[in-house]
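Okay, thanks for coming, everyone.

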Amino acid sequence: MVVSGRGIRSIKRLHSKQLGEIQKLRSRCKKGSRRWRKLGNTRARLTLHHERRVRDLRHKGTRQVVDFCKDRGIEAIFIGNPDGVRRKDSGRHHNQRMSQWEYGKDIDYLQQKSEQDRIVCFTGDERGTSSRCPVCGHRHKLKGRNWRCKACGFEGHRDIVGAVNMHQIAYNQVVPFPKRITYLRPGVLRRSSSPGTGQRCLAELRTQAPQQECLKRVPPWDSPQTANLG
Ligand SMILES: [Zn+2]
């Protein structure tokens, strides 16, 4: 089974972009001005909003993993610790992803939930598990989401390759590569369009030509549509 964390990653990326945008707008305002304060409030609310969404998805994702194990009578879960992956320098874009990757929380949630369901849970180094062929043991860097062995021609999902290799490390036992993969997303990502939430707020801020607004009074702030901005 594979549970994708891409939803969480995209929320975080969106949040970083919005923070940047607010920072840009704010830098054009006079410090302490009405608009400067409003933008600060918006930023705080967006941050809370994103945190709630990420936490919700993290609970749903880890719940799926533990339910999957429980349904199949699995007694122990090994969690690979990706410390090594995060430390290496992998370019500006991927570095941001890595630094926002809170796998410690994933591990915590998994441990708590599996404990409740009486499943043993332990962690260990997962270094090298995604760059080794599960069939012939050949090692090479992988490209893309599919692992293709240069030596024996084996092909499979890279995360399952990692999991099969981790099984060997954790239990000292080789398992065959699974034929069927259950691919799950932790939850549905929604774009919120209700007033007062992230997307809409920023869209409104964008349309209100920012340059002069700090100096002259901003008329639409008190209209009912934007009254809940802060
Ligand atoms: Zn191979």
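**How two helices cross**

Let's start with one detail: helices α2 and α5 cross each other in a right-handed way. Bear in mind that what you see is a predicted model.

Two packed helices are described by the angle between their axes and the distance between the axes. So, how do α2 and α5 score there? Helix α2 covers residues 34–71 and helix α5 covers residues 103–116; their axes come within 9 Å and cross at roughly 50 degrees. That angle is why we call α2 and α5 oblique to each other.

Which residues do the touching? On the α2 side you've got Arg58, His59, Thr62, Arg63, Val65 and Val66, and they meet Lys105, Asp106, Tyr109, Leu110, Lys113 and Ser114 of α5. Sorted by class, that contact has 4 nonpolar, 3 polar and 5 charged residues.

Okay, zooming out. The chain has 8 helices and 6 strands, and from the N terminus the order goes β-α-α-β-α-α-α-β-β-β-α-β-α-α. Of its 230 residues, 16% are buried. And if you take the contacts with a separation of 6 or more, 66% of them link residues 24 or more positions apart.

Now, how confident is the predictor? The average pLDDT for the chain is 84, with 81% of the residues at 70 or better. Where pLDDT is low, the predicted coordinates should not be read in detail.

Note on methods: Residues numbered from 1 in each chain as written. Predicted model: local features only at pLDDT ≥ 70, side-chain atom pairs only at ≥ 80, totals over all residues. Axes fitted to C-alpha atoms, helices over the stretch in contact; angles between N-to-C directions. Helix = DSSP H or I, 4+ residues; strand = E, 2+ residues; numbered from the N terminus. Parallel < 35°, antiparallel > 145°, perpendicular 65-115°, else oblique. Left-handed = near helix turned anticlockwise from the far one by under 90°. Contact = placed C-beta atoms within 7 Å. Nonpolar A, V, L, I, M, F, W, Y, C, P; charged D, E, K, R; others polar. pLDDT = per-residue confidence, 0-100. Buried ≥ 20, exposed ≤ 12 C-beta atoms within 10 Å, placed from the backbone.
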